[in-house]
Amino acid sequence: MNTKLIGLVRKEDHSVLPRTSLITHLKFNSLEPSDEDLFHEKKLVFGNYVARQAVRDEELWVAAYLRAETHWEDQPGDEKLIEHLKMDFIEREFNSLKMRCRGQFGQINKCVVAVCKPDLNVQRTVIKSVVGTLDISIRHLLHGETFPGQHKKYRFPIINTKNLQKYAYISNLCTRKSARRQGIGSNMMRFVIEFAKLSGIKSVYVHVCRDNKPAFNLYRKLNFEVVEMANAALEEEQMYLLCYKA
């Protein structure tokens, strides 16, 4: 990786600023979009925040950054190595996010962000405004499946999306450390559940590590139910698959 691609400078509020960048089209000092700019965008307002779809590449970059920070949070090890791993992850995740959101993998994918509610008396840059993120994708069950991954029980699954049941899959939920315990994660989930309902989706799925009790309890409070899966791979990863039925 070219380490000049992205530099991270942390401040007390855990925001980040680019030191140098070869991504010339990104404008990290640009202000967050106003209500007028997002007049036609679906959104969920809660407290001091708003959940909505990411509309700028800069927001996707911050989403990638938050995911890196969350993944390596409190992990022991060489700090320089961890920083290198984070920067490499941010670069790859940012580029992947752009492709996914533009439908280049043949699925409908949306990156949702939670941002500070616009205030006429406060000017915030995009980097300081984004406090949470998650992804939602619209997928199809394979023939014979009643939940994602069940096709592994079938020897010859037929991959044909015609007349197949759609479902929504949520991933990469994370919140800026300084903004936690304010209902950001739960309200982003409510936003994407409503998006799924409006899209005619009746089932929303999410994976969660068995050891991640806060996340598991969050999903259960939102009426997600555990899907019993006889899947060796998932057993090794110690993951639950949960489902919300609209």
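Trainee: Which residues do ring pairs link into a cluster?

Mentor: Tyr219, Phe224 and Tyr244. Rings of Phe, Tyr and Trp (its six-membered ring) pair if their centres lie within 6.5 Å. This is a predicted model, where local features need pLDDT of at least 70, side-chain atom pairs count only at pLDDT 80 or more, and totals for chains, interfaces and linings use all residues. Residues are numbered from 1 along each chain as its sequence is written, and side-chain values use heavy atoms, with hydrogens and water left out.

Trainee: How many aromatic pairs does the structure hold?

Mentor: Seven. One of them joins phenylalanine 46 and tyrosine 49, with 6.1 Å centre to centre and 35° between the planes. That pair is tilted; planes under 30 degrees apart count as stacked, over 60 as edge-to-face and the rest as tilted.

Trainee: Is phenylalanine 46 buried or exposed?

Mentor: Buried, because its relative accessibility is 9%. Tyrosine 49 is buried too, at 10%. Buried means under 20% relative accessible area, exposed over 50%, partly exposed in between (1.4 Å probe, protein chains only).

Trainee: And what about tryptophan 61 and tyrosine 65?

Mentor: They form a stacked pair, 6.3 Å centre to centre and 5° between the planes. Both lie in helix H1 (residues 57-71), four residues apart, about one turn of the helix. Helices (H or I, at least four residues) are DSSP runs, numbered from the N terminus. Tryptophan 61 is buried at 0%, and tyrosine 65 is buried at 2%.

Trainee: Different topic. What lies over the face of tyrosine 240?

Mentor: Arginine 210, at 5.0 Å from the ring centre. A charge sits over a ring if NZ of Lys or CZ of Arg is within 6 Å of the ring centre and within 35 degrees of the ring normal.

Note on methods: Helix = DSSP H or I, 4+ residues; strand = E, 2+ residues; numbered from the N terminus.
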